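Here is a briefing on one chain, arranged by topic. Which features of its packing deserve a look on screen?

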Amino acid sequence: MLLATDVTLNEIAAQVSAGIESDEKIPDLADALTRPVPRPFEYHDPPFWPPFKRQNMIPLPDALLEQYDSLRIRSFMGLFPEISRAWVTIDNRLILWDYESQSDLFMFEDQEQVILSVAIAKPMIGVFIDTVQYLLVVATPLEVFLLGITFSQTPDPDRPWKGGLVLYKTEMTTPSDDASITSIASTSIGRIFMGGSNGHLFELTYQAEEGWFTRKCQKVDHTSKLRYYLGPLWGGESDPIVGVTVDDCRNLLYSWTQAANVELLYLGEDGLQFHRIATLKYNDIFSSLKSSPLNFQATNFRIVALDSIFAEDSKHFQAVMTTSTGHRVFLGCWGNNHHPGGKPTCINTRYVLPPPSSTLSDKLQEGYDGALYSNGVWLASNCISDSTDLIICTSRDHSTLLSGANNYSEYFGVVENAGRTWSISEKRAFGFQNMSQALLNGSELVRQFVSPQRRFYVLTNLGVTELVKQRPVDVLLELIQEVVQIGNQTKLQSFFQSTGPIEGCAMCLAIVCRNAHLSIYTDDRTTTAALRYYHELGTPNGTSPAVAPPVIVVPQANRPFGYSGRVLGVLTYLQRVAKTLWKTTLAKQLPDGRFYPSPTPEECLEIQSQLQILGRALESTLMPSFVDSEVETSTVPQKTEFINAERGILTAIKNLVASLAQSLELWRILRDSGFGLIAQRLSSVDAEAILSLTFAEFSMRPNERASHLATALVRGLLEVGFSSDELKDRCPSIFSAEESILYEAHQMLSMAQSTMASENKAEFVADVVRLIKESPRPLTKEELRNISQELKNLGFGAVIVEICLWSARKVDPNNESLEWLKHGGDMRLKMIYHNRLEAYDAIVDLLRQDIASASDGDFMRLPSFQIVLRCDDVLLHFTVYEWLINSGYSHYLLLIQSKTLEMYLRSDSSPSKRLLLCQYLVRQKQYGDAAKILCDLAEIPRDDISLSRRLELLASALASLRSTQSGDGEAASMADEVNEKLEVANIQNQILQSLHSRIRQGTLDGVTMEEAQHLEILLDSSLYPISELYKRFAAPLRLHDNILQIFKVSGYHDVNTVRSIWEGVVQATRSEDALITRLQEAAQCTGGEEALAPLLPLSELFCETTWRRGYSLSFPYNAMTSLGLYRPVTIITAIANLLDRKSETQWRDNILSILKHSVQLGRPSLAKEDQLMIEKILNRLSNALRDARQLDTVKFIQTSLKAH
């Protein structure tokens, strides 16, 4: 069995959201009209329910008709739906009449000229006093002037125009300059445009004061000067402008002429500019008419109306023009067929819709002479006699959306109306918008439960006819009443077949709930009948039309019935009643920072009322009337299961309805209690939430933001003195038992604060702890912080730890946070972990305050800290340790004796934690473990550990190992290993310093500057083995000294390689003296190892360098001596032995010359045995040489040696 708890509020809310999105997917008007289908368009004449109905005929008042008796020249009339007035001019008199109340006849005759045109306009801001709510623009043959409109006070503040109307002369007038004004239109910001009989378009500008070069009121001619002066040459006589239309949502202006030419103008993004865009010529329009779907038979036409199309209705069509032939010509103003915003680029025809003339051809006479298009509704007047007009009414057929039909279709009807039509308009809300968009967005099926019937007024010379647009629910209500009275259900069955069970059940439910927007009163017999049809139509496997497939998916298998139309009807009704509220944010913010609630009081009250009625219907009528009885009578187990499943769904819907209604009730309470003040006190997080959360999100409270905000608002109400008992009664789902417990706890703490006796304070605090532990849920972070602050002020810090630990256990009863900390996991575990950490915040705040007032010696003795250390909550210990480190108290950690500290430090591989762990281990005399961690840290490749820091770490590791007992063989072995690493690291550091020096001096050899800088970064961010230091750094950079160091450490002694390094040293220095110094520096890197400065190869190298560079003959001896490795006799012997390496005369001459000088230089340092050794060599040379000159040199050397 599927219980009520199996379907959550969030699941139902998701279905409502999906339903609202589906309702909003109305095909664009252009897409619906232009899609390629076999029948692109058709009209429907419903056989039983006319789409439009004459509601009332209001005759012109006798007092007005009496004025006609004095008519001498001209009379005009029209409608001002903004203020519910009809206007009539009789020569120089202007009469305004309230046709809704059929009273308040006002006449203005304080001027002498015949009135040609009248229009209503919104005043520009800052020009008139605030009581002037509208302006009348009055045009005569000689002047155009403005009148201010005010209303006397009325009991209904929402309908101020119901007060008495008063006109004021504004003294703002301008000459007409012989141009008769034929039409006037104004924008929502107060700009006034006028069409003239001379074909010119004017703008009436006005300001509060006269300017240096401008009058308070003047007429600006926007028509081209070229056309003005060359009019006859341009195109003969002028083409009078007969109409002007403003599109406020796109800032467009249309004017059309007597010859059926339409000009498009753009007023700029701010509505204050003026740009001529393009003109649509008569011939272009005529060509479009001729190519329309039905053959166009007329030989000419004229334009009788041009209306803008709401952007919500179509992105591709911007306006629709009605011709005298009854065709609707849809216009576009952007070349790419949709409205991208910004300046339009053109004006052209996009689609032509023919009139329903085939049905009416026998009645139509002279063609159409007036029309109105407004959000899918088209009304047009056609004169059939001198005393009668036909009003042709069409509206978009949204029922095709239910059937999935592709073709566009319209309902149409005909109303025969007495008199000649002067004006057609739709009833508007008080204001100056084209129409209240909240009432018009979406299809008629969607908005019929939240907006009243649309009403249209047709003004004739006999009076005002009120027409109402029949919505499907209006038709259903009348058909049910007809069944109740007569008993014939034929029409009703036909209606339900056209709507289907879901829409039918939703409309029946609206009647059962006596929806506030029903057109007529519903008595008990009607609602009872509607309830019966709701069940019959929505029952699966009944005699009613087949139930549509279910839209709700609940995890339960083997359900053959699907969800009934009853449940889906309830969801449909709910989503449409709540639509205007569902996506509305809770509040808005003014530029000065003040908050105000988004829904108006009227919206709150109306939607709340409908939700409450629906909730009561679900509770007392809908659920009991079919659930219990069907379960009892059902013999099919699966059907019983299905009905129980629907019980769960309906219960969840009922809870959702209650939650929405209580959210609205809270908003009403907030309004009455000072919403702005309460919102201003919210935290920044809550302030952001109140501006971004929708009512749906707030009502569901699916996340912490919404729940936290609800708590903050409730607390704000209680702080301003609102009764907690009343709040609990009116909003039980918001001010719940948990909130009540918290509120009581705060009250007890307040009483404890005012109590002097310490034992009484303790009793209050104990009661607070008991209360809090009775809460079914853990406290939030904010709640814990508030409670903790009060306890801290009372001096009960230890209780803070107790409450926080209880809340943490409540968050994580199975201790899953540690598992997530060790191994990770899904988002559920992560959320538990973070929520548990938040429970510790108040403890950390307590420690922060205590430590700030304690000395280092007192830290460990702090009661709050002792309580924390004594508890067995490992995660709390980790949290406190982390806070100590981040707050600069890491030195306190080393005072703590706890196994959890080592666990914490080992759980984090960051360098700072590793170093703390080493300090901890040293204090525990675990030197080997500390040294291993230091070594590991030194060898980790990290950019944030420099090479110098790595040397320090290795040195510390070595020192730690040497602190161990002398008999520890493992420590000694590890010390040797660390010492080797330190030696290699020192070489790496010397390579880095050499590279630094070369980069600074710009003396790079073998690499580019960019490559050198990259190598510099590598050397400073990791340790490298000795072989990589040679291959990757020292060799490419030709760092000869460092290479010698590497050879020394690695024990590498290859003679040829070593000689090549010394060759590099020699090649890098040109001066003889500088080279001697450089050789001394390089020799220091050999560590005194003769293998790294081989005697014979270097002697040969220095000799070759001497005669190649022209150095002094003493250079080889001095160079070898500078190495500090060999005695003079050894050097002289090595030079002498070079004679045997080559037999060339030149070679031997050079060597003997060098030997001669070397002996002279070394002779003072030779011992007697050294001389004897050299003499033996010289004797051997004498026997071996054959060249007389070379023998003479040897003899000279022998003689000089003996003389010494």
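The axes of helix α1 (residues 9-23) and helix α15 (residues 565-577) cross at roughly 70 degrees, so α1 and α15 are roughly perpendicular to each other. The model is predicted.

**Overall make-up**

- The chain has 1204 residues, and buried residues make up 52% of them.
- Its secondary structure comes to 49 helices and 31 strands.
- Among contacts with a separation of 6 or more, 60% join residues 24 or more positions apart.

**The α1 and α15 crossing**

- Two packed helices are described by the angle between their axes and the distance between the axes.
- Here the axes of α1 and α15 come within 9 Å.
- On the α1 side, the contact is made by Ile-12, Gln-15, Val-16, Gly-19, Ile-20 and Asp-23.
- On the α15 side, Leu-571, Leu-574, Gln-575 and Arg-576 make the contact.

**Aromatic pairs**

- A search of the whole structure finds 28 aromatic pairs.
- The rings of Phe-286 and Phe-301 have centres 6.4 Å apart and planes at 10 degrees, so this pair is stacked.
- Phe-286 belongs to helix α6 (residues 282-290), while Phe-301 sits in the loop between α6 and β19 (303-308).
- The two residues are 15 apart, and the pair links distant parts of the chain.
- Both Phe-286 and Phe-301 are buried.
- The rings of Tyr-881 and Tyr-904 have centres 5.6 Å apart and planes at 55 degrees, so this pair is tilted.
- Tyr-881 lies in helix α32 (residues 874-886) and Tyr-904 in helix α34 (residues 899-906), so the pair ties together parts 23 residues apart in sequence.
- Tyr-881 is buried, with a relative accessible area of 1%.
- Tyr-904 also counts as buried, at 4% relative accessibility.

- Trp-667, Phe-675, Phe-695 and Phe-698 form one aromatic cluster.
- Phe-698 is also a contact of Ala-710, a residue of helix α22 (residues 704-719).
- Ala-710 and Phe-698 are 12 residues apart in sequence, and their C-alpha atoms are 7.7 Å apart.
- Leaving aside neighbours within four places in sequence, Ala-710 is in contact with Phe-698, Arg-701 and Ile-734.
- Ala-710 has 4% relative accessibility, and the cut-off for buried is under 20%. Ala-710 therefore counts as buried.

**Lysines over rings**

- Lys-469 lies over the face of Phe-52, at 5.7 Å from the ring centre.
- Lys-1156 lies over the face of Phe-1196, at 4.5 Å from the ring centre.

**Nonpolar cores**

- The largest nonpolar core has 150 residues.
- Trp-1062, Phe-1102, Leu-1123 and Leu-1155 have the most contacts inside this core.
- Helix α38 (residues 969-1001) gives the largest share of the core, 11 residues.
- Leaving aside neighbours within four places in sequence, Leu-1123 is in contact with Trp-1062, Leu-1079, Ala-1083, Ala-1093, Leu-1098 and Phe-1102.
- Another core, of 89 residues, lies apart from the largest one. Among its members are Val-475, Val-483, Leu-531 and Val-714.

- Thr-322 lies in strand β20 (residues 319-323).
- Thr-322 is buried, with a relative accessible area of 0%.
- Ala-1035 is placed in helix α40 (residues 1026-1037).
- Ala-1035 touches Tyr-1030 and Ile-1043, not counting residues up to four places away in sequence.
- Ala-1035 and Gly-1006 are 29 residues apart in sequence and 9.3 Å apart in space, C-alpha to C-alpha.

Definitions and conventions. Residues are numbered from 1 along each chain as its sequence is written. This is a predicted model: local features need pLDDT of at least 70, side-chain atom pairs count only at pLDDT 80 or more; totals for chains, interfaces and linings use all residues. Side-chain values use heavy atoms; hydrogens and water are left out. Rings of Phe, Tyr and Trp (its six-membered ring) pair if their centres lie within 6.5 Å; planes under 30 degrees apart count as stacked, over 60 as edge-to-face and the rest as tilted. Helices (H or I, at least four residues) and strands (E, at least two) are DSSP runs, numbered from the N terminus. Buried means under 20% relative accessible area, exposed over 50%, partly exposed in between (1.4 Å probe, protein chains only). A charge sits over a ring if NZ of Lys or CZ of Arg is within 6 Å of the ring centre and within 35 degrees of the ring normal. A nonpolar core is a set of buried Ala, Val, Leu, Ile, Met, Phe, Trp, Tyr and Cys residues joined through side-chain atoms within 4.5 Å. Contact means heavy atoms within 4.5 Å. Axes are lines fitted to C-alpha atoms, for helices over the stretch in contact, and angles run from 0 to 180 degrees between N-to-C directions. Angles under 35 degrees count as roughly parallel, over 145 as roughly antiparallel, 65 to 115 as roughly perpendicular and the rest as oblique.
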